[in-house]
Amino acid sequence: MSVTAPAAVSVPPVSAPVPVNGNGGRPSGLRRFNEATIGAAEEALLACCGSRRWALRLALHRPYPTVSSLLAAASEASYDLSFADLTEALADESSMPQPLLGMRAPGSHAAHTALQAAHAAYEARFGHVFVVCLDGCPAEEMLDQVLVSLRARLANDPDEERSTAAEELRRIALSRLEHLVASHASAAS
């Protein structure tokens, strides 16, 4: 199991009145995120990255003046994940109810069987789910890209692979976070 696309997450509405902007009297996604309670913001952030320390750090450093500053802070927090934080985030990825990465992509039965075997070999070797960010990868290339990535990364030593998985989680978290804020802006307009 793994993550490829931003998860649909939402920040619960804030209990206090939210100042409005120029989009029909509704708050922007970033404004809603900035003004949500600590608990609501942390919950939404945990859907982007399963590290509680990462989520709390970002929630406590609000407000962010721009989406770019939020993404920069998220990226920095990702680079600061400890071994335990990364283990927690990877465990969270494996608990998400999704099919194995690439299984929804078009391809032959043999290719899907090879993909399942590669996922099993990866998890047996490294003890955690395979993660890779596939933003911008066309659906028709996804199965091949996942298989190539899995096979290449199976050759990594455990420390090198943990570093690679951390970078992929960072990219996935940024994509989800950008989607989180964008979806609020879209929902508000």
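Arginine 171 is partly exposed in this predicted model, at a relative accessible area of 32%. Its salt-bridge partner is glutamate 168, with the closest N and O atoms 3.3 Å apart. Glutamate 168, by contrast, is buried, its relative accessible area being 11%. Both residues belong to helix H8 (residues 158–188), and because they are 3 residues apart, about one helical turn separates them. In general, an α-helix has 3.6 residues a turn, so residues three or four places apart point the same way.

The structure holds 8 salt bridges. The table lists some of them, including the pair just described.

| Salt bridge | Closest N to O distance |
|---|---|
| Glutamate 42 – arginine 52 | 3.8 Å |
| Arginine 171 – glutamate 168 | 3.3 Å |

Arginine 53 counts as partly exposed, with a relative accessibility of 41%, whereas aspartate 85 is buried at 8%.

Glutamate 42 and arginine 52 also form a salt bridge. Glutamate 42 sits in helix H2 (residues 38–46) and arginine 52 in helix H3, so this pair ties together parts that are 10 residues apart in sequence. Glutamate 42 is buried, with a relative accessible area of 17%, while arginine 52 is partly exposed at 48%. A further network of salt bridges links Arg57, Glu76 and Asp80.

Helix H3 (residues 52–60) also contains leucine 56. With a relative accessibility of 32%, leucine 56 counts as partly exposed. Together with Ile38 and Leu60, Leu56 forms a nonpolar patch on the surface, and the accessible area of the three is about 240 Å².

Helix H7 (residues 139–153) comprises 15 residues and reaches 21 Å from its first C-alpha to its last, close to the 21 Å expected at 1.5 Å a residue. Buried residues in H7 are Met142, Leu143, Val146, Leu147, Ser149, Leu150 and Arg153.

The mean pLDDT is 82, and 76% of the residues reach 70 or more. Over residues 1–26, pLDDT stays under 50, and the model has 78 contacts beyond four places in sequence for this segment. Residues 184–189 likewise stay under 50, with 10 such contacts. Where pLDDT is low, the predicted coordinates should not be read in detail.

Conventions. Residues numbered from 1 in each chain as written. Predicted model: local features only at pLDDT ≥ 70, side-chain atom pairs only at ≥ 80, totals over all residues. Heavy atoms only, no water. Helix = DSSP H or I, 4+ residues; strand = E, 2+ residues; numbered from the N terminus. Expected span 1.5 Å × (residues − 1). Buried < 20%, exposed > 50% of the residue type's maximum accessible area, 1.4 Å probe, protein only. Patch = residues over 30% accessible without salt bridge, like charges linked within 9 Å, V, L, I, M, F, W, Y side chains within 5 Å. Areas by Shrake-Rupley, 256 points an atom, 1.4 Å probe, with all protein chains shown as cover. Salt bridge = Lys/Arg side-chain N within 4 Å of Asp/Glu carboxyl O. pLDDT = per-residue confidence, 0-100. Contact = heavy atoms within 4.5 Å.
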